[in-house]
Amino acid sequence: MTRPKHVVRPFDLDRDERWATDWLDERLGGRRQARRGEVIDVLAAGLGFVAERRGEPAGLLTYRFDEDAVELSSLAADPRHGGIGSALLEALVSAVAAADRHWIWVVTTNDNLDALRFYQRRGFRIGEVRVGAVDRARLSIKPSIAGIGSYGIPLRDEFELVLDLRLEEPAKPVTA
Ligand SMILES: CC(C)(COP(=O)(O)OP(=O)(O)OC[C@H]1O[C@@H](n2cnc3c(N)ncnc32)[C@H](O)[C@@H]1OP(=O)(O)O)[C@@H](O)C(=O)NCCC(=O)NCCS
């Protein structure tokens, strides 16, 4: 029997806060994330999933309840393209269904082509495009946001994506 390359377990704030803070600093500009015109601490709710490879962190997803929906507040995998992001998203979808919610939203940015692909291939739809929202956040609530993002693309706009679990086959890549 082959061993799985990674395992997914619930995030535990007491156990995981220190490395998760460093992880978010290195990959997503910190645990304080700006979106929808405000900054949130994505670890504050203490909710999420951790992927481990050989006992070491290899992925982190955080989420929070938002009225009758759930915000996927951060997601990063390292290494990438090995199925870790998909496994973490599947864990979230199961948790959301178990909590009797059906609506997940996530905000990403115009430069993040990998994330836009990843989410749309897994059933998310574009809910809203906020032109200039990242520029405004940089000027007001989070000056540390870089001017240039992934692929050398100017970092300017927010894309909000939504997954309605009642409509979509959850979290599996869409095949052509
Ligand atoms: C977005 C992100 C979390 C996706 O995580 P990931 O672990 O790379 O995702 P997966 O490996 O599950 O899927 C990515 C692709 O790799 C492919 N893949 C999966 N296993 C693979 C393997 N063994 N070999 C090669 N490719 C593989 C998948 O088919 C998938 O492609 P698809 O989208 O066309 O289906 C990751 O790109 C990341 O950490 N980005 C930086 C942080 C970030 O921007 N986060 C989003 C903020 S909103």
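Modeller: Let us begin with Arg-125, which is in contact with Leu-161 and Val-162 once its neighbours within four places in sequence are left aside; contact here asks that the C-beta atoms of two residues, placed from the backbone, lie within 7 Å. The model is predicted, and local features need pLDDT of at least 70 and side-chain atom pairs pLDDT 80 or more, whereas totals for chains, interfaces and linings use all residues. Residues are numbered from 1 along each chain as its sequence is written.

Colleague: Why is Arg-125 called partly exposed?

Modeller: A residue is buried if 20 or more other C-beta atoms lie within 10 Å of its own, exposed if 12 or fewer, and partly exposed in between, with C-beta atoms placed from the backbone. Arg-125 has 13 such atoms within 10 Å, so it is partly exposed. Its place is in strand E8, where strands (E, at least two residues) and helices (H or I, at least four) are DSSP runs numbered from the N terminus. The C-alpha atoms of Arg-125 and Glu-160 are separated by 8.5 Å, although these residues are 35 residues apart along the chain.

Colleague: How do you know that the buried residues of H4 line one face of the helix?

Modeller: The buried residues of H4, which spans residues 133-140, are Ala-133, Val-134 and Ala-137. Seen down the helix axis, they fall within an arc of 95°, so they line one face of H4; the arc is that of the directions from the helix axis to the C-beta atoms. Among the elements that cover these buried residues are strand E2 (32-35), E7, E8 and strand E9 (158-164).

Colleague: What is the order of the strands in the open sheet?

Modeller: The open sheet has seven strands in the order E1-E4-E5-E6-E7-E9-E8, with mixed pairing; two strands pair if DSSP finds at least two bridges between them. Strands of a sheet pair through backbone hydrogen bonds, either parallel or antiparallel.

Colleague: Why do E1 and E8 stand at the edges?

Modeller: Strand E1 (7-10) and strand E8 (125-130) each have a single partner strand, so one side of each is left without a neighbour in the sheet. From one strand to the next, the twist averages 25°.

Colleague: How many bridges join E6 to E7?

Modeller: E6 and E7 run parallel and are joined by two bridges, and the bridge partner of Val-70 in E7 is Ile-104. Helix H1 lies across strand E4 (48-53), strand E5 (56-66) and E6, and runs at about 75° to E6; such angles run from 0 to 180 degrees between N-to-C directions, with axes fitted to C-alpha atoms, for helices over the stretch in contact.

Colleague: What do E2 and E3 form?

Modeller: E2 and E3 form a hairpin with two residues between them, and Arg-36 in the turn has a positive phi of about 55°. Four bridges join E2 to strand E3 (residues 38-41), and the two run antiparallel; Arg-35 stands opposite Glu-38 in E3.

Colleague: Which residues come nearest to the ligand?

Modeller: Of the 21 residues around the ligand, Ala-77, Arg-80, Gly-85, Ser-86 and Pro-173 come nearest; a residue is near a molecule or strand if its C-beta atom, placed from the backbone, lies within 6 Å of it. H3 gives the most to this shell, with five residues. By class, the shell has nine nonpolar, seven polar and five charged residues, where Ala, Val, Leu, Ile, Met, Phe, Trp, Tyr, Cys and Pro count as nonpolar, Asp, Glu, Lys and Arg as charged, and the others, Gly among them, as polar.
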